[in-house]
Amino acid sequence: MPANDSSATNPPLATPTAVRLPHYTKADQAEILGDGDDPFGVAETGLTFLPKDEHFGIRHGHGHGDQGDRLVAHAGLLRLRVAIGDVETEVAGVGGVAVAPDVRGQGLARRVLGAALDHARTMGPRHALLFCRPPLVPLYQRLGWHPLDTDVWVEQPGSRLVAMPLRTMVTPLRDDAAWPPGPVRLFSLPM
Ligand SMILES: CC(C)(COP(=O)(O)OP(=O)(O)OC[C@H]1O[C@@H](n2cnc3c(N)ncnc32)[C@H](O)[C@@H]1OP(=O)(O)O)[C@@H](O)C(=O)NCCC(=O)NCCS
């Protein structure tokens, strides 16, 4: 069969689909980012982060089932209780966003975050929230996220409340969602 005939029936590898992952382990993360000490570049904050409850990923390869393929992208999600000013509510916390170094710049973060946010829209919260290093703010803005300029307080082990040193970004999950004014406080560790 001519090589280009298969493109009619098989999705091209350049646009793989993001799927919900039944689990996401340290080994899965290492498959994407390697097993370095600080794959997200946040160790200097000294913060302790929560694991995520739901996981989305993109597999890439030439195998015919999920098992043969390599995991190349991930985004995690969990519900978080927060106060925004005097409003107590919940947000969808996004974290563990990762794309393998050799396939960055191809839209995989956009795609895997899109799958995570599609799911977040079914969870109830009106907004999603994430923390990132300052150099990533323009990338997330490009994906429709907005940086917050208010103080953000998060819990740390030993019931300590600390000011989040990373940038906080939010994105609406519904058309009519407006972010309330005021400082933000997570009633948990950050994700
Ligand atoms: C951050 C990371 C996930 C990005 O993955 P990626 O697959 O390269 O991102 P994408 O290709 O989907 O790019 C997303 C969008 O941001 C844009 N973008 C990338 N760098 C940008 C920049 N410096 N300024 C503005 N926009 C930028 C891209 O053009 C793309 O927009 P487009 O789809 O409209 O072209 C990846 O670099 C990574 O895994 N880094 C290490 C782990 C990490 O730091 N994770 C973040 C935790 S918060």
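## A first look at this predicted protein

Of the protein's 191 residues, 42% count as buried, where buried means under 20% relative accessible area, exposed means over 50%, and partly exposed lies in between (1.4 Å probe, protein chains only). This is a predicted model, in which local features need pLDDT of at least 70 and side-chain atom pairs count only at pLDDT 80 or more, while totals for chains, interfaces and linings use all residues. Residues are numbered from 1 along each chain as its sequence is written, and side-chain values use heavy atoms, with hydrogens and water left out.

### The overall layout

The secondary structure comes to 3 helices and 10 strands. Here helices (H or I, at least four residues) and strands (E, at least two) are DSSP runs, numbered from the N terminus. Followed along the sequence, the pattern is β-α-β-β-β-α-β-α-β-β-β-β-β.

### Salt bridges

Let us turn to the charged side chains. Side chains of opposite charge can pair when their charged atoms come close. In this report a salt bridge is a side-chain nitrogen of Lys or Arg within 4 Å of a carboxyl oxygen of Asp or Glu. By this rule the count comes to 8 salt bridges, and the table shows some, including these:

| Salt bridge | N to O distance |
|---|---|
| Glu90 and Arg79 | 2.4 Å |
| Arg81 and Glu88 | 3.5 Å |
| Arg121 and Asp118 | 2.9 Å |

Which parts of the chain does the salt bridge of Glu90 and Arg79 link? Glu90 belongs to strand S4 (residues 87–99) and Arg79 to strand S3 (residues 70–84), so this pair links distant parts of the chain, 11 residues apart. Glu90 is partly exposed at 30% relative accessibility, and Arg79 is partly exposed too, with a relative accessible area of 41%.

In the salt bridge between Arg81 and Glu88, Arg81 counts as partly exposed at 45% relative accessibility, whereas Glu88 counts as exposed at 55%. Arg121, the partner of Asp118, is partly exposed at 44% relative accessibility.

### A patch of negative charge

Some charged residues gather with others of like charge. Asp35, Asp37, Asp38 and Glu44 form a patch of negative charge on the surface. Such patches are made of residues with over 30% relative accessible area and no salt bridge, with like charges joined within 9 Å. Asp and Glu count as negative and Lys and Arg as positive, while His and the chain ends are not counted. The place of a charge is taken as CG of Asp or CD of Glu.

Because its relative accessibility is 71%, Asp35 counts as exposed.

### An aromatic pair

A pair of aromatic rings is described by the distance of the centres and the angle of the planes. Rings of Phe, Tyr and Trp (its six-membered ring) pair if their centres lie within 6.5 Å; planes under 30 degrees apart count as stacked, over 60 as edge-to-face and the rest as tilted. By this rule the count comes to 1 aromatic pair. Its members are Tyr140 and Trp145, and because their ring centres are 6.2 Å apart and their planes stand at 70°, the pair is edge-to-face.

Are these two residues buried or exposed? Tyr140 is buried at 7% relative accessibility, and Trp145 is buried as well, at 1%.

### Contacts across the sequence

Met169, in strand S9, counts as buried with 0% relative accessibility. Met169 and Pro147 are 22 residues apart in sequence, with 4.3 Å from C-alpha to C-alpha.

Trp179 is placed in the loop between strand S9 (167–172) and strand S10 (184–186), and is partly exposed at 21% relative accessible area. From Trp179 to Leu148 there are 31 residues in sequence and 9.5 Å in space, C-alpha to C-alpha.

Leu136 belongs to the loop between strand S5 (127–132) and helix H3 (137–142), and a relative accessible area of 27% makes Leu136 partly exposed. Leu136 and Arg167 stand 31 residues apart in sequence and 9.0 Å apart in space, C-alpha to C-alpha.

### A residue with positive phi

Finally, where is Ser159 found? Ser159 is in the loop between strand S7 (152–156) and strand S8 (160–163). Its phi is near 60°, a positive value in a residue other than glycine. With a relative accessible area of 76%, Ser159 is exposed.

Key: Patch = residues over 30% accessible without salt bridge, like charges linked within 9 Å, V, L, I, M, F, W, Y side chains within 5 Å. Areas by Shrake-Rupley, 256 points an atom, 1.4 Å probe, with all protein chains shown as cover.
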